[in-house]
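Dear colleague,

Here is the structure for you to look over. My notes on it follow below.

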Amino acid sequence: MSKKPTSVYKGPGPKEANVVLTSASTVMNWAQRSSLWPLTFGLACCAIEMISAAAARYDMARFGWEVFRASPRQADLMIVAGTVTNKMAPVVKKLYDQMAEPKWVIAMGSCATCGGIFQTYSVVPGVSHILPVDVYIPGCPPRPEALIHGIMTLQMKIDGQVNFAAQPRRIEPGYRGPNKEEAV
Amino acid sequence: MTANWDRQGFGEGEPEKHPAVAAIRNDFPSSILEVESSCGQVWAAVTPANVVEILTFLKNNQELQFDFLSDLTAIHWPERPGAEFEIVYQLYSTSKHLRFRLKVPLKEGQEVETASDVWQTADWLEREVYDMFGIRFEGHPDQRRILNPDGFEGHPLRKEFPLQGRVRW
Amino acid sequence: MARQEIMTINMGPHHPSTHGVLRIILELDGEVVVNAIPDIGYLHRGVEKLSENKKYLQVLPLTDRLDYLASGSNNLAYILAVEKLLGIEVPRRAQYIRTAIAELTRINSHLLWLGTHAADIGAVTVLMYTLREREDILDLIEETSGTRMMPTYFRPGGVVRDILPDFDSKIRAFVDKFDVKIKEYERLLTKNRIWMGRTKGVGVISRSDAVSLGLSGPSARASGLDWDIRRDEPYEAYDELEFKVPVLTEGDVYARYMIRMEEMKESSRMLRQLVDGMPEGSFIERSPKYVYPDKKRLEESIEAMIHHFKLVVDGFSPPKGEVYSTIESPKGEIGFYIVSDGSPKPYRLRIRPPSFINLQSLLTMAKGNMLADVVAIIGSLDIVLGEIDR
């Protein structure tokens with residue numbers, strides 16, 4: 001009668017190996033920040049730098065953000081690149097509302113941050129008047145490296161999120177408190 | 001060598017030598033208000049009554065052939081009562097390589113006939129003049145705002161309109 | 001009892017193929033376009049009103065942001081208009097430098113046009129290739145002027161600073177590489193059966209319609225209008241350069257594509273001639289009333305400091321007058337009509353936008369074509385919303 005062959009491997013078995021202890025938030029955040037899907041929302045000149053950032057030299061695909069979706073239902077990051085005008089503002093808000101949670105907004109360039117050099121009758125002085133913005137990237141236009149730095153800052157912000165907690169994730173702009181008479 | 005401004009050779013003080021000026025003086029002598037030149041370019045101001053006739057004549061005239069309307073815009077002169085607005089037509093002839101400018105002074109509220117039958121280019125350009133200045137064009141197929149939102153009040157390029165607008169953010 | 005109706009759909013301001021925030025209201029009979037009405041104004045920033053409140057030199061960065069793909073061209077058009085008003089002569093070297101930057105931006109704009117147009121039709125590889133070539137041009141512009149996209153490198157009288165000593169060798173290296181690459185793009189697209197099937201016979205416009213609608217630039221030359229401001233009303237160094245102006249007669253999307261490819265080759269030929277014949281001399285004409293003194297003199301002389309201070313704080317005031325000056329931008333005829341009343345700010349600055357007037361011909365081109373061809377036609381018109389809406 002021959003002996004049953006014993007395995008050479010002496011380490012932990014399938015029930016003991018590859019057990020990682022961490023919080024659910026860490027895993028969720030890591031998943032969310034590693035594959036952000038931006039919405040193609042180039043309005044003006046900053047869009048060209050955004051396209052350059054997605055091109056061969058400043059490749060955004062190496063970070064996981066090359067899947068630009070045209071439909072807001074499939075995107076989770078809205079990069080407002082360019083000037084927001086009074087005529088375009090309701091469209092921006094509508095697109096933002098159509099995006100599913102979790103969603104983030106980056107204001108790229110001076111025009112999206114504060115109106116830029118166009119302080120006129122038809123320009124919204126900064127997209128933060130209509131949307132909650134997570135990261136502002138200054139520049140006119142910001143270099144593609146600045147855009148990548150901005151999105152990496154957003155990644156750090158996402159890493160600090162707490163999921164599964166019983167509180168709303170964000171506050172709507174214009175929220176004035178439970179009694180709306182506190183407004184203005 | 002300098003930038004070639006004087007392409008047609010009409011220097012300062014010699015605007016009468018421009019062929020378009022001579023042609024208009026010939027056929028519409030009572031319509032010309034003044035003829036001037038600036039920076040080597042010649043322009044003539046005409047009365048608003050028969051502007052489209054003059055434009056059609058300039059387009060069809062065999063020696064001039066102004067078949068291309070380069071630009072159509074307006075200027076607001078609030079300090080000139082009776083001639084507050086000035087419509088400016090920039091004409092170009094693709095065959096003779098000749099440029100000419102025609103100006104039409106208008107009162108506040110006065111309308112002028114549309115040039116969109118002469119050149120189709122004038123369609124949107126006149127809509128923009130209406131949007132920015134409030135000048136209406138008689139006979140225009142689609143007179144409504146083009147650049148500002150539809151409910152916008154006011155005409156931005158008038159001098160009394162504030163730069164930052166009347167609605168605060 | 002089938003009933004047929006016209007279907008109205010909205011190709012909204014947010015669309016991957018409209019090259020910006022352009023809204024088109026399409027009326028379709030099945031798949032065939034009956035009416036295509038563009039609705040613009042979603043990027044209207046009030047540049048003309050803004051320039052009435054800024055000094056002449058402060059308007060220069062605003063002109064960069066009009067046609068943001070070819071910023072050097074817009075700068076050049078504005079600066080030529082201001083120089084005519086002021087009556088300044090520009091030294092020959094500065095003219096050559098400005099022409100070189102203008103031609104570089106022409107190649108820049110046409111490359112991005114090719115990339116986005118091909119990507120809309122489906123050839124996404126071309127987009128990646130052209131963006132790679134654009135990076136080389138942007139490097140050149142950055143070394144010369146300081147920024148990648150909005151150079152603001154010209155001043156009335158010349159340019160801000162001299163080009164670097166290795167400018168000509170870098171341009172020669174770029175042109176040698178570009179001549180090989182453009183053959184690559186042609187190999188990918190020109191005789192490609194799918195490309196020809198999508199673009200031949202689509203969006204045809206006749207010569208008489210083109211002239212009546214005010215079409216200018218490569219779109220007009222594709223319909224048989226033999227007009228190029230660089231050749232017919234030469235400015236800057238173009239009177240000493242030898243170049244051909246390609247003209248075709250079919251007037252469809254394929255013809256517009258061929259014209260722009262030829263223009264890119266002509267531009268690279270022109271760049272070679274420019275660096276071969278670059279004259280020595282100064283790069284700016286220090287006209288005392290209108291141009292800043294040399295920065296080095298500011299340390300030595302108090303008069304230069306006072307002069308600089310006065311020009312910065314008050315700005316220069318051109319004499320009373322008006323001028324309409326046009327150049328051939330990559331999109332067509334761009335013109336600046338400046339009315340000056342003797343003050344340091346323009347009384348009226350009017351920008352003749354080539355893309356605005358070219359877009360009017362969309363209805364004529366799109367009628368009778370299918371829905372998918374509208375995307376090809378918009379791409380071939382080469383519009384930039386910054387210029388349309390100003």
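In which loop of chain A does A:Pro141 lie? A:Pro141 sits in the loop between strand 4 (135-137) and helix 5 (144-159) of chain A. Helices (H or I, at least four residues) and strands (E, at least two) are DSSP runs, numbered from the N terminus.

Some ground rules. This is a predicted model, in which local features need pLDDT of at least 70 and side-chain atom pairs count only at pLDDT 80 or more, while totals for chains, interfaces and linings use all residues. Residues are numbered from 1 along each chain as its sequence is written, chains are lettered from A and ligands numbered from 1 in the order in which they are written, and side-chain values use heavy atoms, with hydrogens and water left out.

Backbone, chain A

The peptide bond from A:Cys140 to A:Pro141 is cis, with omega near -10 degrees. The bond from A:Glu101 to A:Pro102 is cis too, with omega near -10 degrees. A:Pro102 lies in the loop between helix 3 (89-98) and strand 3 (104-108) of chain A. Most peptide bonds are trans, and most residues other than glycine have a negative phi.

Backbone, chains B and C

B:Gln65 is not a glycine, yet its phi is positive, near 55 degrees. Look for B:Gln65 in the loop between helix 2 (51-60) and strand 3 (68-76) of chain B. Its relative accessibility is 23%, so B:Gln65 counts as partly exposed. The cut-offs on relative accessible area are under 20% for buried and over 50% for exposed, with partly exposed in between (1.4 Å probe, protein chains only).

C:Glu236 also has a positive phi, near 50 degrees. C:Glu236 lies in the loop between helix 10 (229-232) and helix 11 (253-276) of chain C. C:Glu236 is buried, because its relative accessible area is 3%.

One residue in chain B

B:Phe137 belongs to strand 7 (residues 137-138) of chain B. With a relative accessibility of 4%, B:Phe137 counts as buried. Leaving aside neighbours within four places in sequence, its contacts (heavy atoms within 4.5 Å) include B:Leu72, B:Ile87, B:Val112 and B:Val129. Among the others are B:Glu113 and B:Gln143. B:Lys59 is 78 residues from B:Phe137 along the chain, and their C-alpha atoms are separated by 20 Å.

Chain C as a whole

Chain C has 17 helices and eight strands. Its radius of gyration (taken over C-alpha atoms) is 22 Å, close to the 21 Å that the globule rule gives for 390 residues, so chain C is as compact as a globular protein of that length. That rule is 2.2 Å times the number of residues to the power 0.38. Along its principal axes the C-alpha trace spans about 90 × 45 × 35 Å. Of the 390 residues of chain C, 65% are buried. Take the contacts in chain C between residues at least 6 apart in sequence: 70% join residues at least 24 apart.

The B-C interface

On chain C, 52 residues are in contact with 51 residues of chain B. The two chains bury about 4,500 Å² between them, with 54% of it on carbon and sulfur atoms. Buried area is the accessible area (1.4 Å probe) that two parts lose on being put together, summed over both. C:Lys49, C:Glu322 and C:Tyr347 supply 15% of the area that chain C buries against chain B, more than any other three residues.

Best regards
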